[in-house]
Amino acid sequence: MVILELVVILIVSVTISNIISHFVPEVPISLFQIGIGLGLSLVLGVHVDIDTHWFMLLFVAPLLYNDAWRFPKRELWELRGPILGNAILLVLLTTLVGGYFIHLLMPQLPNSVALALAAVVSPTDPVAVQAIAKRVKLPDNVLHIVAGESLINDASGLVSFNTAIKATVMGTFLIGQAITNFFWMTLMGLLVGLVLGSVISWLRDTFDRVGLNDVVFHTVMTLLSPFLIYWTAEAVFHASGVIAVVAGGVLTKILSDQHIDARNPEISVTAVRTWEIFVYLLNGIIFVLLGIGLPPIVGAVFKNAQIRTDEAIFYGFVVWFIVFAIRTLWAYGNQVVLYLKNRENKPTVMMAITSGLTGVRGAVTMAAVMTVPLVIKDGSPFPQRDLFIFIAAVVVIVSLLVATVMLPFVTKVRTSHDFTQPEISDAELPATTGEKKAELSEARARIFAIQVGIQTLREQQNDTNRAIIYELIARKQATITQIRRQLIGDDHELSQFDDSELRRIGLDAQRDRLQQLLVAEEISPLTFSIQSRRLERLEKLIGADKRYDRSAHWVRILTRRAVRSVRIWLSDETSKKFKAESSLAVRETAKAAIKALSDHMEKYSGDTVSHRIERQNAFDLIVAYRYQIEHEKHPDTPEQRELDDKQRMELELIALNAQRETIQNLYEQGRITRQAGINIRQFINYAETAALAGKNEA
């Protein structure tokens with residue numbers, strides 16, 4: 001009963017902090033949550049005993065899994081250098097250099113404890129940074145780097161923290177043993193995360209294939225994933241659950257993005273919104289618990305004969321400054337290196353300071369610091385545990401306050417956000433009496449509506465949006481194919497839509513054109529070899545339904561990409577030249593496939609059902625090839641991607657509106673049942689919500 005009451009109090013406290021933050025948006029909500037926790041402790045006498053293992057499992061695992069799932073892969077890849085540098089090298093530098101200075105500052109802290117303190121305050125909190133960014137215009141690359149490094153440095157920082165804590169508990173700190181333990185926890189955690197992430201993705205695909213696509217079931221399965229991965233890594237393999245959760249989250253996201261969820265977009269939308277609520281509560285509860293735990297810690301520090309309270313607060317400020325200075329110098333050094341390499345964007349102190357200020361500490365730091373054990377192996381108290389937690393809390397609070405106050409002056413640009421949510425009507429179709437027998441099944445009506453949406457997209461096509469139009473049409477055609485495969489009424493109907501012969505015609509034309517490019521020396525043997533392998537893989541997929549078992553081949557995919565990168569690196573060609581040749585090969589082979597399919601279709605000019613189906617299948621393939629051509633020609637810059645995202649959303653909404661109107665017309669004509677109309681409209685509404693939510697959240 002006490003636990004239930006405590007859970008209710010914590011959730012109510014988080015809700016109250018959100019109400020207060022709505023009226024005082026200038027102050028980070030985390031500070032209100034800490035204040036409410038202080039009030040609960042001082043006024044109501046609320047006390048919480050925290051167990052290390054369940055706290056890491058309950059809070060750290062889902063928070064890191066959510067960060068790994070939501071971070072956009074494109075930005076993570078494009079900024080991989082700065083992100084990996086900040087996430088790994090900067091964390092290790094902060095741990096070693098910061099730990100050295102912290103020990104000099106506070107000799108009463110053993111070396112291992114000083115290293116643990118430096119490690120635990122090294123991870124950044126993207127949630128706090130984004131909250132500040134609602135009022136301050138931060139450079140996009142700074143925001144992306146902070147978000148990206150937070151995904152990885154939470155793992156590297158916590159592994160370093162756990163290594164130092166274990167050394168303190170065991171009473172010895174052998175550098176060789178520490179390094180061995182570090183690599184075991186990291187590599188085994190990585191392996192466990194990848195394997196379990198693949199298994200979970202395969203299970204979801206399998207359940208989906210057999211028809212178990214219930215929204216609640218899939219959402220619950222997604223929520224359980226981080227706990228299963230973390231527990232398996234920690235309890236079974238004694239590896240880093242943190243690394244495992246991050247690896248599993250990233251892999252699950254990559255595999256999920258490979259599938260086109262044409263059957264039920266409600267699953268993705270519901271899962272995203274459920275995770276938002278879950279993570280919102282976890283973040284808030286962590287800071288409320290910090291506030292609840294501060295009075296006993298402050299009291300213990302106050303009673304500590306070795307150090308005064310004002311000295312402890314001063315130490316907290318100095319530790320924050322040490323971490324801030326290391327991060328700022330690191331950022332300035334990165335600017336210098338980039339300038340010497342590209343001779344663009346001269347280094348500026350203000351940009352370095354901005355990067356230093358964005359290193360705000362938050363939920364993960366507090367979740368980790370509250371897991372410091374009470375005693376070590378011999379039964380004696382953990383050295384200076386209360387001082388350790390107190391200083392970490394001061395660092396978190398100071399980093400939030402300084403960033404809130406200083407970033408507006410450093411950037412000198414403010415921003416505003418529109419947080420209004422689109423309201424999508426889910427009204428039912430009107431009922432009528434004497435309803436005629438429907439001509440179309442629900443699946444056929446969906447296909448017809450999507451085809452109308454495709455025609456609407458064609459009417460919107462112009463020179464500026466051709467690549468986006470082909471992309472959207474290709475997706476909708478894939479959706480139609482998937483729906484047709486669900487019409488398992490009879491195998492004959494499914495065989496009518498078999499495009500294996502057409503795909504082989506296209507592949508043969510591509511191979512011939514690729515050979516011509518090699519003979520004409522327009523491409524190198526390396527490019528020819530890689531493109532040939534691509535065509536071989538496509539040929540293997542002909543006639544096989546690979547949509548549901550891709551997650552079982554992630555090792556092969558990653559290995560193939562790694563081998564390709566090594567081959568390019570070992571060759572005499574530059575990466576830029578290889579990309580240009582690859583782009584040329586894709587465009588030219590796609591053109592050859594289009595010509596071959598067009599020539600083949602001259603034999604199917606009749607008005608029979610089989611001829612119409614053959615022409616439609618050929619057209620679908622031609623659109624896919626045209627999308628390849630336009631995609632290779634399309635510029636790929638941050639500005640263009642932003643414009644593309646806007647056009648993609650506008651065009652998708654136009655097509656969905658056309659589909660909605662089509663379903664309404666079909667119902668009014670009595671060609672579909674009332675319930676079928678309701679179901680399809682609901683599907684369209686969820687697809688519209690997913691389009692408005694954005695690709696990274698779908």
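Good morning. The structure is a predicted model, in which local features require pLDDT of at least 70 and side-chain atom pairs count only at pLDDT 80 or more, whereas totals for chains, interfaces and linings use all residues. Residues are numbered from 1 along each chain as its sequence is written, and side-chain values use heavy atoms, with hydrogens and water left out.

I begin with the chain as a whole. The protein chain has 26 helices and zero strands. Both are DSSP runs numbered from the N terminus, helices being H or I with at least four residues and strands E with at least two. Of its 698 residues, 48% count as buried. Buried means under 20% relative accessible area, exposed means over 50%, and partly exposed lies in between, with a 1.4 Å probe and protein chains only. A contact means heavy atoms within 4.5 Å. Among the contacts with a separation of 6 or more, 82% join residues 24 or more positions apart.

Next, the interior. A nonpolar core is a set of buried Ala, Val, Leu, Ile, Met, Phe, Trp, Tyr and Cys residues joined through side-chain atoms within 4.5 Å. The largest such core has 91 residues, and M106, L117, F161, L289 and F388 have the most contacts inside it. Helix 16, residues 385-411, supplies the largest share of this core, 15 residues. Apart from it lies another core of 14 residues, including I454, I480, I483 and A655. Returning to L117, and leaving aside residues up to four places away in sequence, we find that L117 touches I102, M106, L109, F388, I391 and A392.

How many cavities of 30 Å³ or more does a search of the whole structure find? The search finds four. A cavity is a set of points, on a 1 Å grid over the protein atoms alone, where a 1.4 Å probe fits but cannot get out; its lining residues have an atom within 4 Å of a point. The second largest cavity has a volume of about 50 Å³, a volume being the space filled by probe spheres set on the points, which are joined across faces, edges and corners. Eleven residues line this cavity, and the closest to its centre are L90, T94, S122, R327 and R361. Helix 5 gives the most to the lining, with four residues.

Helix 5 spans residues 80-105 and also holds T95. Why does T95 count as buried? T95 counts as buried because its relative accessibility is 8%. Not counting residues up to four places away in sequence, T95 touches L115, A118, A119 and S160.

Finally, I turn to two loop residues. H238 lies between helix 10 (215-236) and helix 11 (241-257), and its phi is near 55 degrees, a positive value in a residue other than glycine. Q384 lies in the loop between helix 15 (363-369) and helix 16; Q384 has a positive phi of about 55 degrees although it is not a glycine. Is each buried or exposed? H238 is exposed, with a relative accessible area of 56%, whereas Q384 counts as buried at 18% relative accessibility.

Definitions and conventions. 1 Å grid on protein atoms, 1.4 Å probe; cavity = no way out; pocket = protein on both sides within 12 Å on 5 of 7 lines; lining within 4 Å.
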